[in-house]
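Please walk me through this model, from the overall fold to the ligand shell and a few local details of the backbone.

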Amino acid sequence: MGSVSHPDVIVIGAGVVGVACAFELSKAGLKVLVIDKGAIAGGTTGAGEGNILVSDKDIGPELELALRSREKWFEISEEIGGGFELEAKGGIVVANTSTGADQLHSLTARQKKAGLFVDELDAAALRAAEPFISPEFESGFLYSQDAQCQPMLATALMLRKFRSMGGEVLSHTKVVGIESDNGGVKAVVTTGETFPCRAVVNAGGTWAKEIAVLAGSDLPISPRKGFILVTQAAPNLIRHKVYDADYVTNVVSADEGLQTSAVVEGTKSGTILIGASRERIGFDHSLNIAILRKLAAQAIEIFPVLSKIQLLRVYHGFRPYAPDHLPVIGEDAKVKGLWHCAGHEGAGIGLAPASAEIIAAQILANSAFMNAAPFSPNRFSSEFPEPQ
Ligand SMILES: Cc1cc2nc3c(=O)[nH]c(=O)nc-3n(C[C@H](O)[C@H](O)[C@H](O)COP(=O)(O)OP(=O)(O)OC[C@H]3O[C@@H](n4cnc5c(N)ncnc54)[C@H](O)[C@@H]3O)c2cc1C
């Protein structure tokens with residue numbers, strides 16, 4: 001085991017993904033240093049709603065990762081003593097168009113075969129579950145495995161536990177270089193110091209491409225912007241995460257243009273969160289009132305009562321987008337000892353613990369709980385050919 005100047009592994013990024021990796025590696029007995037250019041959870045994690053969802057995933061590797069991750073969030077809660085508003089509140093998906101309803105029926109049929117708990121709700125059951133839902137909706141699907149947490153608290157409390165186990169953290173310290181030779185990674189260079197080490201985890205989220213480039217590699221990760229509206233506290237008005245079936249279509253869309261679909265949920269602190277917009281326009285920080293109006297109108301269509309609830313604030317964040325919507329988890333194709341754990345797009349909070357488990361298994365050359373080949377960074381290698 002090394003000291004802070006000789007860590008076994010350096011994790012770049014103190015968002016939920018990097019901290020989950022650091023925690024997992026630390027539990028496995030490795031000496032880990034986490035470095036972040038900003039504050040803890042100051043990247044996209046600070047903008048996330050905190051949903052730990054299985055409902056929005058079709059069958060395949062991401063659903064497998066999501067199911068494992070959901071289980072692990074409850075284990076982590078036990079390990080760190082809770083405190084991050086984790087609750088298995090359940091998700092309800094509704095459709096107000098016949099296309100949406102058809103897509104939802106076929107998705108739920110596939111998900112049920114894969115072992116998800118999905119219950120169809122008739123009008124009475126839907127209203128019993130969500131008393132304030134619009135009478136326009138006559139049925140829905142309840143996913144009891146969907147859960148929620150407060151992502152900044154989750155990250156901070158995991159980090160606290162990590163530190164209590166001897167882990168080290170440097171915030172407000174930018175990584176500006178990653179040195180390597182034929183044997184692989186040799187050191188991480190920050191604005192202040194150089195830290196020798198043989199293994200690096202790139203958990204740079206939306207900035208993971210920049211970090212890969214620092215090491216002489218590349219990753220096709222780019223920002224996918226999203227706005228969230230936050231209302232005044234209105235406890236118990238909305239009891240589940242409730243969203244329109246179009247949300248699932250938007251999540252998997254490769255369209256660069258704007259997509260919006262209503263996602264409404266109450267939180268333990270009482271505020272109601274309203275999303276979700278998606279657009280790939282780079283790191284554009286401008287406020288777009290038209291999008292906010294559209295999100296509010298879509299939410300009011302599902303819950304008319306929201307027209308009487310005061311909006312407190314709005315904010316935006318940048319989801320780390322990979323072209324095939326799958327996270328990038330695994331060792332770099334070109335740089336030995338550089339492990340990527342990034343590109344979780346709109347699901348990084350939900351998927352962080354199981355992604356970290358895969359990274360730890362791979363670094364320690366243990367077998368993981370699933371075949372992680374679909375997440376391998378090598379799947380993009382043909383996009384970054386060697387110079388001739
Ligand atoms: C509006 C919105 C709502 C969302 N809602 C949900 C949700 O409900 N559920 C869900 O699962 N996901 C949600 N997401 C997605 C989720 O927030 C992200 O997938 C997740 O936070 C990514 O975590 P991360 O740790 O990979 O990235 P980040 O949290 O961005 O962490 C990366 C860190 O790397 C650091 N970094 C970058 N470059 C360097 C460098 N050179 N040197 C040092 N440090 C560096 C950054 O400062 C940053 O702190 C949402 C996202 C948005 C935008």
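The paragraphs below go from the whole chain to its domains, sheets, ligand shell and backbone details.

This is a predicted model, in which local features need pLDDT of at least 70 and side-chain atom pairs count only at pLDDT 80 or more, while totals for chains, interfaces and linings use all residues. Residues are numbered from 1 along each chain as its sequence is written.

The chain has nine helices and 19 strands; helices (H or I, at least four residues) and strands (E, at least two) are DSSP runs, numbered from the N terminus. Its radius of gyration is 21 Å, close to the 21 Å that the globule rule gives for 388 residues, so the chain is as compact as a globular protein of that length. That radius is taken over C-alpha atoms, and the globule rule is 2.2 Å times the number of residues to the power 0.38. Along the principal axes, the C-alpha atoms of the chain fill a box of roughly 65 × 50 × 40 Å.

The domain assignment divides the chain into domain 1 (9-49 + 152-220 + 324-383) and domain 2 (91-144 + 222-321), with bounds that come from an automatic or database domain assignment. The centres of domain 1 and domain 2, taken over C-alpha atoms, are separated by 30 Å. Where the two meet, 14 residues of domain 1 are in contact with 14 residues of domain 2, contact meaning that the C-beta atoms of two residues, placed from the backbone, lie within 7 Å. On the side of domain 1 that touches domain 2, three residues are nonpolar, nine are polar and two are charged. In this division Ala, Val, Leu, Ile, Met, Phe, Trp, Tyr, Cys and Pro count as nonpolar, Asp, Glu, Lys and Arg as charged, and the others, Gly among them, as polar.

Axes here are lines fitted to C-alpha atoms, for helices over the stretch in contact, and angles run from 0 to 180 degrees between N-to-C directions.

The other is an open sheet of three strands in the order β9-β10-β11, with antiparallel pairing. Its edge strands are β9 and β11 (194-196), each of which pairs on one side only. On average, neighbouring strands of this sheet are turned by 25° against each other, direction ignored. β9 (residues 175-181) and β10 (residues 184-190) pair over six antiparallel bridges and form a hairpin with two residues between them. In β10, Val189 is the bridge partner of Gly177, and Ala187 is that of Glu179.

Around the ligand there are 43 residues, of which Gly15, Gly43, Gly48, Gly205 and Gly348 come nearest; a residue is near a molecule if its C-beta atom, placed from the backbone, lies within 6 Å of it. The elements that give two or more residues to this shell are α1 (16-27), β13 (222-231), β17 (311-321) and α9 (348-363). Of these, β17 gives the most, with four residues. The shell draws at least three residues from each of domain 1 and domain 2, and its residues divide into 16 nonpolar, 21 polar and six charged.

Two backbone details remain. The peptide bond from Gly275 to Ala276 is cis, with omega near -5°, and Ala276 is found in strand β16 (residues 272-278). His325, in the loop between β17 and β18, has phi near 65°, a positive value in a residue other than glycine.

Conventions:
Two strands pair if DSSP finds at least two bridges between them.
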